Amino acid sequence: MLFWVIAAILTLGASLAVLLPLAGGTKGASAAGDHDLEVYRDQLSELDRDMARGLIQPNEAEEARAEIGRRILRLGAGSQLGKEAPRSSRTARLVATAAVLLVPLVSWGLYGALGSPDLPSQPLTERLAKNPADSSVDELVARAEAHLAANPSDGKGWDVLAPVYLRLQRFPDAITAYRNAIRLDGDSAVRQAGLGEAIANAAGGIVTAEAQGAFDAALKLDPANAKASFYLAMGLAQEGRKTEAAAAWRKMLGQLAPDSPWRSAVQQALADTAEPPVTAGKPAAGPDADQVEAAQQMSPQDRQAMIETMVAGLDDRLKQNPRDEEGWMRLIRSYVVLGKAGQARGALGRAVAAFGADSEQAKKFTAFAASLGVTATE
Amino acid sequence: MVETGHFALVLAFALSLVQMLVPLVGARTGNRRLMAVGGPVAVTGFALTALSFAALATAYAGSDFSVASVWENSHSLQPMIYKITGTWGNHEGSMLLWVLILTFFGALVAVFGSNLPATLKANVLAVQGMIGAAFFLFILATSNPFIRMNPAPIEGRDLNPILQDLGLAVHPPLLYLGYVGFSICFSFSVAALIEGRIDASWARWVRPWTLVAWMFLTGGIAMGSYWAYYELGWGGFWFWDPVENASFMPWLAGTALLHSAIVMEKRSALKIWTLLLAILTFSLSLLGTFLVRSGVLTSVHAFATDPARGVFILCILTLFIGGSLALFALRASTLTAGGLFHPISREGALVLNNLFLTTATATVLVGTLYPLALEALTGGKISVGAPFFDLTFGPLMLPLLAIVPFGPLLAWKRGDIFAASQRLMAALALALAAMLTTGLFIDGASVFAALGVGLAAWLVAGALTDLAVKSGIGSVAPAVMLRRFAGLPRSVFGTALAHLGLGLTLLGIVGTLSFGTEKILTMRPGETVELSGHTLRFEGLYPQKGPNFTEDRGHFLLISDGNADGEITSAKRFYPVRQTVTTESGIRTLGLSQLYLSLGDEGNDGSVVVRLWWKPLVTLIWGGGLVMMVGAALSLLDRRLRVGAPARRRKLAAAASMSST
């Protein structure tokens, strides 16, 4: 409301600036030549002063005076030719009316199209100072951040903020917050598991060696920590060790309380492992359960040979169908397990090339490979 | 508050429409009431624009991220000074600053223009209104700084780290005061063309405006050059970068305009020159805005690029440049010629000066636009850099600089080149001495260096000669001379200082380019390095945390004669929000010279790449610019009316050794 009052006052002021001169009288009309004459007169008296101060010589002053005199004469001749006569005032009245109308019409019309009159100003300090119940999550987080910036050793604060970051998908911040909480308030299974989750999510969902370390630490503190067990099994699945992963998840199902929120996640994961999800671009299948079963009964040489054949097959499939994220990660991991660092590096290079060096996937591959000790360059 | 600012901006646009139409009609029909509308409307328009700008600045200062431009260019952790300067550290805000200055100058004309002929004032304000309306429309249509976001983000995206510097507080406002100041000269010229005549009061008004604009533009360019010098970490002070050229071209044309305006005021000659130069200068300012803002060039100045903006500015450009030049072609012939003059006279010298300066401007224009045109036509990318300008701009400047000292010593109307030369003998001797000393006694001095130092000495000594001659040196008693010196008009000091500043800048450039040394090396803590007689010890690299950045600050100890002589620090800063690294160079000024160092990449073992420069006389480059500004300010303070008193034939004038001003 206040805004509309201000807008109205401003409009009024602007309209008056147009209106008043139009309504005012024509005071002291002078011909254009008068101004010139004034300038020339000033120049003449200036000339006298300069001569008095000794800045110019009398003969120079004489010549200058003559020249100014010539200009004045020319002025007289010119002004007689160009007498202005005021013309019909009908156009003038029309223009004046249009001008007075134009100001409110243009301003209110344009503002109506462009402005957001209902949106109040929102300076940051004001937003952070208002009642927390009215604040958005972002504002609450910002407030907590401001508090922690002032008191960086408040472990409890970090502990509260960390899971919020996780939920807001601000994974790097979550990692920092969990680390600070652990450093300041000590280790706990929940914090370690949360840290692992944050690291894994920051790596695009891949359970990296670092994340594994955190989950292991969590299980050491609390063997029943469901999150840690779940993600560790996920890590097994990502490595292609699906039977082991499935076994771990089944074991979890036996131990979880009937109303545990993890139950459905585990069941979903089990279902996914049994039949690999069909994603766009037909993912390259790794060795299936039967093949692994068979491999376990072979002689070591045979098993090695079979694994290498399968890896080579995977490699070939990826050559034909390179846009398969999971396949590439499996291939890189396979080469690492087989001890073929050069080929793993090659696979990483091709994977990155397949999705483009700037893509999300390329970053994920690089991070994933780095967690296995493979880098794109020496 | 934000919406009040938005509304004020829209209202200012509406007023600019009135300002461009009503006084124009009034002047055409001779209606005094309509003409009188221009003044109050210009003042109110300025007040509204100022309100709008204040609202935006408040939003920036208070980190109001519900304003899109604040969200894009600010961060809550920035120091307050950068929050405020961030207001114009982006495209939208800087355009608002542009129109703020435009309306401010318009309001000044309205308030102080009571001694102008009514029709002239009305026409000037109308042309100002046209420029204003075009830019208000541009802002509202393509770069509105008041676009809101709902819901508002909680944190901004930070100001470009390179712009988080005190330079942003000074450089753009100065530059805009310069650019936009020329709009007044442009408006006066177009108004004169519309009227078809030039009054005596016309020249009285145009000269101070040209001086103001020129003074600020000089300061803006010098400041921008110094900023680039210390912020970019390359130690270069001028890159012939298209964006720099964009500001340099109006300066060259403006310098010519300034000299023409003097002739115009004193002798009512060179009318056509003055009009044309005023139009060209402002056109080049607009072109600069176009080049920088349309995204044609990518640089730190380009902020966000948007083709719609480019097309819009191109339209503004075509309209104003094309329109004014067409008007010039139609009307220039109707203007009566002014006072006559002999080729060898102050006027003649100034015409020569104009020819050189406009040709130089054309050279820079070609060098700047050719790569763009080539890219647009053939897609080929070439870069026109220092070699081109050294070969074209340099040779044009040399003769111009050589004749500068003659100008002020020549009399109006008909001058005496031999008398002027005689008076310059001392300066010439000094210049030759400087040249020989440089060539013979400084190791490794090239011919270029010797010539450059000689030319700089010639300019400085020539400027001083001018003052000495006008005080009557040699012809009157010392006491009289002193009294005369004190009584010299301030504009004489202005001329001398501006020419002196030019010499100082030249000396700085030649000194830095010819005698500067540099070293690039890897240093470990504890190691020392020597450069041109200065020893530096690398103490180590220490991490530090700023409000919105982290940095590794390298500490270096300067050792002079075996004693510690203070510390120089240079840092590599990392701004996490923009994921940008900047270099903070370490500079120690020793006399007029500077020791400059910047950090490169870090090694694993605590070593770091260090780039070191010894830059002799480098501060003179910008110091000269400051001297030029002071000269312009002095000249501006000279409120006298000016008449160029022409000299009689030589026999009569021989006794009078000085020319009047």
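Modeller: One term to begin with: a salt bridge is a side-chain nitrogen of Lys or Arg within 4 Å of a carboxyl oxygen of Asp or Glu. This is a predicted model, so local features need pLDDT of at least 70 and side-chain atom pairs count only at pLDDT 80 or more, while totals for chains, interfaces and linings use all residues. Residues are numbered from 1 along each chain as written, chains are lettered from A in the order written, and side-chain values use heavy atoms, without hydrogens or water.

Colleague: Thanks! How many salt bridges come up over all chains?
Modeller: The count is 20. In one of them, A:Glu239 and A:Arg333 meet at 3.0 Å, N to O. That pair links distant parts of the chain, 94 residues apart: A:Glu239 sits in the loop between α11 and α12 (242-255), and A:Arg333 in helix α16 (residues 325-337). Helices here are DSSP runs of H or I with at least four residues, numbered from the N terminus.

Colleague: Is A:Arg333 buried or exposed?
Modeller: A:Arg333 is buried, because its relative accessible area is 10%. Buried means under 20%, exposed over 50% and partly exposed in between, with a 1.4 Å probe and protein chains only.

Colleague: What else does A:Glu239 pair with?
Modeller: A:Glu239 also forms a salt bridge with A:Arg241, with the closest N and O atoms 2.8 Å apart. A:Arg241 counts as partly exposed because its relative accessibility is 35%. Together with A:Glu244 and A:Arg333, these two are linked in a network of salt bridges.

Colleague: Switching topic: how much area is buried between chain A and chain B?
Modeller: About 6000 Å², with carbon and sulfur atoms giving 64%. Buried area is the accessible area (1.4 Å probe) that two parts lose on being put together, summed over both.

Colleague: And how many residues take part in the contact?
Modeller: Chain A brings 69 residues and chain B 80, where contact means heavy atoms within 4.5 Å.

Colleague: How many salt bridges cross that interface?
Modeller: The rule finds zero between chain A and chain B.

Colleague: Which element gives the largest share of chain A's side?
Modeller: That is α4(A), with 12 residues.

Colleague: Where does A:Trp108 lie?
Modeller: A:Trp108 lies in helix α4 (residues 89-114) of chain A. With 35% relative accessibility, A:Trp108 counts as partly exposed.

Methods
Helix = DSSP H or I, 4+ residues; strand = E, 2+ residues; numbered from the N terminus.
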